[in-house]
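Subject: Structure handover

Hi,

Here is the structure I promised to pass on. Please open it alongside this note.

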Amino acid sequence: MPGIIVGVDGSEHSQLALDWAVQEASLRHAPLTVISVLPAMTSYWGAVPYVDTGLDIEQVQHEVQMLTDKAVGRLAGPPPTVTVQVTCGSPATELIGAAHDAGLLVVGSRGSGGFTRLMLGSVSSQVAHHAPCPVVVVRQ
């Protein structure tokens, strides 16, 4: 397996996906890439970064690195090689693009209301349908 990619957005669901991906990377002795995507608005002139929380890429990078370090710290086995990346764009598009050389793409699930067909979030649904590699959607 060339490597595992996991999408992280700071939610509880993505934390579960990160924990699962860290364990899987350790078991398979595979490198892990943790990706967080800051949403971008698209206009005629291209993608423009849009972050309504006021966080910048460096702040998000630091926070994702801290989440990743904690997940690796909870690991019982040998830690995998981990890279953390923060980018700006459409989360589903960026994750799918990053997965072209990956052996596995991991994302969290998101529950939306009481309708069974809406149990996957829009990003996890797009990734599951369009990724060029196997996808794991981690549920609670």
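Below is what turned up, from the overall fold down to the salt bridges.

Keep in mind that this is a predicted model.

**Overall**

The protein has 140 residues, and 36% of them count as buried. Its secondary structure comes to four helices and six strands. Read from the N terminus, the order of elements is β-α-β-β-α-β-α-β-α-β. Take the contacts with a separation of 6 or more: 73% of them join residues 24 or more positions apart. The accessible surface is about 8,100 Å². Carbon and sulfur atoms hold 55% of that surface.

**Cores**

In soluble globular proteins, nonpolar side chains tend to be buried together. Here, the largest nonpolar core has 21 residues. Which of them touch the most other members? They are Ile4, Val6, Leu18, Leu32, Val34 and Val106. At least two residues of this core come from each of β1 (4–7), α1, β2 (32–43), α2, β4 and β5 (104–108). Helix α1 gives the largest share, five residues.

Leaving out residues up to four places away in sequence, Val6 touches Ala17, Leu18, Ala21, Leu32, Thr33, Val34, Ile35 and Val106.

**Salt bridges**

The count comes to two salt bridges.

One pairs Arg74 with Asp19, and the closest N and O atoms are 2.6 Å apart. This pair links distant parts of the chain, 55 residues apart. Asp19 sits in helix α1 (residues 12–28). Arg74 sits in the loop between α2 (57–73) and β4 (82–89).

Glu24 and Arg28 form a salt bridge too, with the closest N and O atoms 2.3 Å apart. Both residues lie in helix α1. They are four residues apart, about one turn of the helix.

Arg28 has 47%, which falls between 20% and 50%, so Arg28 counts as partly exposed.

To go through this on screen, start with Val6 and its contacts, then turn to the Arg74 and Asp19 pair, and finish with Glu24 and Arg28.

Best wishes

Key: Residues are numbered from 1 along each chain as its sequence is written. This is a predicted model: local features need pLDDT of at least 70, side-chain atom pairs count only at pLDDT 80 or more; totals for chains, interfaces and linings use all residues. Side-chain values use heavy atoms; hydrogens and water are left out. A salt bridge is a side-chain nitrogen of Lys or Arg within 4 Å of a carboxyl oxygen of Asp or Glu. Buried means under 20% relative accessible area, exposed over 50%, partly exposed in between (1.4 Å probe, protein chains only). A nonpolar core is a set of buried Ala, Val, Leu, Ile, Met, Phe, Trp, Tyr and Cys residues joined through side-chain atoms within 4.5 Å. Contact means heavy atoms within 4.5 Å. Accessible areas come from the Shrake-Rupley method with a 1.4 Å probe; for residues, only the protein chains shown count as cover.
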